[in-house]
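Here is a short briefing to read with the model open beside you. Start with the overall build, then follow the strands and a few residues inside.

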Amino acid sequence: MTVPPGESVGGIDIDLSAGSAGIAQTAGSIVGTTLHSSAGAAGSVALTGTLNSIATLGNFSLSAGSFGLVSTTSLAVVGSVIAPSTVSIASSGALTIPSGGKISGATVALGGIDGILENAGGTI
């Protein structure tokens, strides 16, 4: 799946899944309350547009490649985000991993301008 220039993906519940081609955001924005993947992705996921606004990140499991997400708002990782390579998540607000939230990858890079908070029960 590719988000082309000038296009947006939006909604309260955004469910993105893909095969070996993965998911690439080349431009545009992703705006929603919850982003997750019910079927996962067999390739890398790059959702790094500078206009993205996601409040919560649910389950996102990759069988290959890396996962990258940028959000212009505070972001809570409430599900399991798992990639065999790198997981990179950046928020222009606070980045929170509450109880039940899990981030797992060979390399994990996190950024939150207003801080990063891992609550009891959250796992990195």
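Accessible areas here come from the Shrake-Rupley method with a 1.4 Å probe, and for residues only the protein chains shown count as cover. By that method the protein exposes about 5300 Å², of which carbon and sulfur atoms supply 56%. This is a predicted model, so please keep in mind that local features need pLDDT of at least 70 and side-chain atom pairs count only at pLDDT 80 or more, while totals for chains, interfaces and linings use all residues. Residues are numbered from 1 along each chain as its sequence is written, and side-chain values use heavy atoms, with hydrogens and water left out.

**Overall build**

- The protein has 15 strands and zero helices; both are DSSP runs numbered from the N terminus, with helices being H or I of at least four residues and strands E of at least two.
- With a radius of gyration of 13 Å, close to the 14 Å from the globule rule for 124 residues, the protein is as compact as a globular protein of that length. That radius is taken over C-alpha atoms, and the rule is 2.2 Å times the number of residues to the power 0.38.
- Along the principal axes, the C-alpha atoms fill a box of roughly 40 × 25 × 20 Å.
- Of the 124 residues, 40% are buried (under 20% relative accessible area; exposed means over 50%, and partly exposed lies in between, with a 1.4 Å probe and protein chains only).
- Contacts are heavy atoms within 4.5 Å. Among those between residues at least 6 apart in sequence, 8% join residues at least 24 apart.

- Strands pair if DSSP finds at least two bridges between them. In general, the strands of a sheet pair through backbone hydrogen bonds, either parallel or antiparallel.
- Strand 8 (residues 67-71) is mostly covered, with four of its five residues buried.
- Strand 5 (residues 45-47) pairs with strand 8 in the parallel sense over three bridges, and V45 stands opposite F67 there.
- Strand 8 is also joined by five bridges to strand 11 (residues 86-91), again running parallel. In this pairing, F67 stands opposite V87 and V70 stands opposite A90.
- Strand 11 is in turn joined to strand 14 (residues 107-112) by six bridges in the parallel sense, with A90 opposite G111.
- In a regular strand the side chains alternate between the two faces of the sheet.

- Another sheet is open and holds three strands in the order 7-10-13, with parallel pairing. Strand 7 (60-61) and strand 13 (102-104) stand at the edges with a single partner strand each, so one side of each has no neighbour in the sheet.
- Strand 7 and strand 10 (residues 80-82) pair over two bridges, and the bridge partner of S61 in strand 10 is I82.

**Buried polar residues**

- S71 belongs to strand 8 and counts as buried at 0% relative accessibility.
- The side chains of S71 and T73 are joined by a polar contact of 3.2 Å. Such a contact is a pair of N or O atoms within 3.5 Å; within protein, one must be able to donate a hydrogen and the other to accept it, and residues adjacent in sequence count only if both atoms are side-chain atoms.
- N52 lies in the loop between strand 5 and strand 6 (53-57) and is buried, with a relative accessible area of 0%.
- The side chain of N52 reaches the backbone oxygen of V70 at 3.3 Å. Beyond four places in sequence, residues that N52 touches include Q25, L47, V70 and S71.

**An aromatic pair and a buried glycine**

- The structure holds one aromatic pair. The rings of F60 and F67 have centres 5.1 Å apart and planes at 55°, so the pair is tilted.
- Rings of Phe, Tyr and Trp (its six-membered ring) pair if their centres lie within 6.5 Å; planes under 30 degrees apart count as stacked, over 60 as edge-to-face and the rest as tilted.
- F60 counts as buried at 0% relative accessibility, as does F67 at 2%.
- G40, in the loop between strand 4 (29-36) and strand 5, counts as buried at 7% relative accessibility. The C-alpha atoms of G40 and F60 are separated by 5.8 Å, though the residues are 20 apart along the chain.
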